[in-house]
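Have the sequence and the coordinates open side by side while reading.

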Amino acid sequence: MMKKIHFLFFDRLFIGCLIKTSGCPEEVAGILVTLSEVGITYVKEVLVNQILTDIIPLALPDIHLQVKAPVGLVDTTITRLELSGANVSHSDVKLGKTAITVSAENIKAKIHFHWVYQYTSSYIPFPVTDGGWADVEVTGMQAGATVMLQAQNGTLRVILLEHTTSIQNLDIQLHGGASWLYQWFVYAFDDEIRAEIESAILTTIDTWAGKLDALLMELPRSLPIDDTSAIDVALVEDPFLGPNFLTVCANGEFVSLKKPTVPPQPGHSLHPGIICSELEKMVTIAISDYVVNSAAKVYFEAGVLDWLVDELPQESILNTAFWKWIIPQLYKKYPNDDMVLHLSASAAPQVELTKDGAKALAVADVTVLVKTGNGSVPVACLSMTLSMDAIAGLDGINVTGEVTLNDLTLQLKWSDIGTFPVKLLQPMVRTVLSKVIIPILNINMKRGFPLPVIPAIDLQDADVRYDDGCILICSNVYYKNGYIKTFTLPLGKLYLQNVFS
């Protein structure tokens, strides 16, 4: 499926990730970004501003004409023809069912050139030459283009279909030379100057469409997280257009760098057009719990969720003497011996996202080992189920997380030292989790994973919210590369300052 999109100018586009129920395959779409109407307007204005700034000054080809004037044949040449300034008083973007229309209207431009003429006559024994300069004011110019955005090989292709431009008025003011030739000169060169301007604008649109296509094709399909995993950010469908939003689909699945794994299937789908409308943000990034759970599965199968604890703030806990009154048979069999706790997840943790927040459920084995002269001897194993509360955050373009221990239950799985009151071990296990395991998890989660945006884009004023089945990042965007460093003008209007010579 391909979508037609009408654009005036393109420079760079940040690629978000979007999920929808229609078109985006539910089994592979895990992240979505929805550009709101305000966000699309901002992107449009940045692109128009960027390309105008890049092309000014724009040198145009010399023009040579030989025409029959009242005084005879006149050879006239225009040189150093330059578009030295431009002002777009209004640009607009409209979303249709299958198209985005971006238009620039009432464009004003300044042109400067030098001119020289020579004419001969049977009444004059020698050629007559003269020259000067001219200033041209272009008003009522319009421009537009039609491109097609198509998901291909995990990224977007930009295919230019058509582009148009027109000029309503040219006001040519000549300076120098014989004033009696001015009106004839204006009449003779009006069409030629129009044609050169329009040709230059069309060529520029061609060039920038090609640049954008090349840029998008170079975007990575996956982003490495660490030595264990990467996140697949390949697009899985063409963009989806709504009445006032634009979405595209990306995979979002964590993949193993060490061995292939079958990702978990999403339990539900996210709808296109999820927008934090009441916050009036430009972009809404929705991250499905499918993404988080695929990460948990990859790290579980890589054996990363496995810890040996042989040091604690209270060293006495890891000695059998500490347990002589709770598990006397342990102390009797291994008096005053040091201990090691082996914590290993027995299944991939499961994360649940709701409007009330994020929760994680994990199941792990806690094996108690005693250090002897012959090595570490396993003496008992506990099955542990714990629930944790989680908080999602944003550090730059990285989604981060932090967990705190909520509830903990223990059951005896097996024992070589007989039965013992498992509940009495809960304070010790909670201490190990709170002082050692949870901090290690939070250090890794603080690094987070990156959102698939290009370096030219920053997220600003981001607000993290929760919904059923997903995390929502509601944010404004800021284009930080190129020439535009601030953008405080009203949306819907665009002005270029200090560009006239």
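**Cores, a sheet and the cysteines**

Leaving out residues up to four places away in sequence, Met384 touches Leu343, Ala362, Val363, Ala364, Val366, Leu408, Thr409, Leu410, Val429 and Leu433. The model is a predicted one. Met384 belongs to the largest nonpolar core, a set of 47 residues, and is among those with the most contacts inside it, together with Leu330, Leu343 and Leu433. At least two residues of this core come from each of β16 (306-309), β17 (339-345), β18 (350-354), β19 (357-372), β20 (375-395), β21 (398-415) and α5 (426-447). The largest share, 8 residues, is supplied by β20. Another core, of 46 residues, lies apart from it and includes Ile231, Phe254, Val283 and Tyr290.

The next element to find is an open sheet of 3 strands. Its order is β10-β11-β14, and the pairing is antiparallel. Each of β10 (222-224) and β14 (254-256) has a single partner strand and stands at an edge, so one side of each is left without a neighbour in the sheet. On average, neighbouring strands of this sheet are turned by 35 degrees against each other, direction ignored. Strand β11 (residues 229-232) runs antiparallel to β14 and is joined to it by 3 bridges. Ser229 stands opposite Ser256 in β14. Helix α3 (residues 289-301) packs on the sheet, where it touches β11 and β14. The direction of α3 makes about 15 degrees with that of β14.

How many disulfides are there? The count comes to 1 disulfide. It is formed by Cys276 and Cys474, with their sulfur atoms 1.8 Å apart. The torsion about the S-S bond of this pair is about -55 degrees, so the disulfide is left-handed. The two cysteines are 198 residues apart and link distant parts of the chain: Cys276 sits in the loop between β14 and β15 (283-288), Cys474 in strand β24 (residues 470-479).

Are these two cysteines buried or exposed? Cys276 counts as buried because its relative accessibility is 2%, and Cys474 is buried as well, with a relative accessible area of 0%. Cys470 is in no disulfide; the nearest cysteine sulfur is that of Cys276, 9.2 Å away, whereas a disulfide needs sulfur atoms within 2.5 Å. Cys470 too counts as buried, at 2% relative accessibility. Cys381 is also buried, with a relative accessible area of 3%.

Conventions:
Residues are numbered from 1 along each chain as its sequence is written. This is a predicted model: local features need pLDDT of at least 70, side-chain atom pairs count only at pLDDT 80 or more; totals for chains, interfaces and linings use all residues. Side-chain values use heavy atoms; hydrogens and water are left out. Two strands pair if DSSP finds at least two bridges between them. Helices (H or I, at least four residues) and strands (E, at least two) are DSSP runs, numbered from the N terminus. Axes are lines fitted to C-alpha atoms, for helices over the stretch in contact, and angles run from 0 to 180 degrees between N-to-C directions. Contact means heavy atoms within 4.5 Å. A nonpolar core is a set of buried Ala, Val, Leu, Ile, Met, Phe, Trp, Tyr and Cys residues joined through side-chain atoms within 4.5 Å. Buried means under 20% relative accessible area, exposed over 50%, partly exposed in between (1.4 Å probe, protein chains only).
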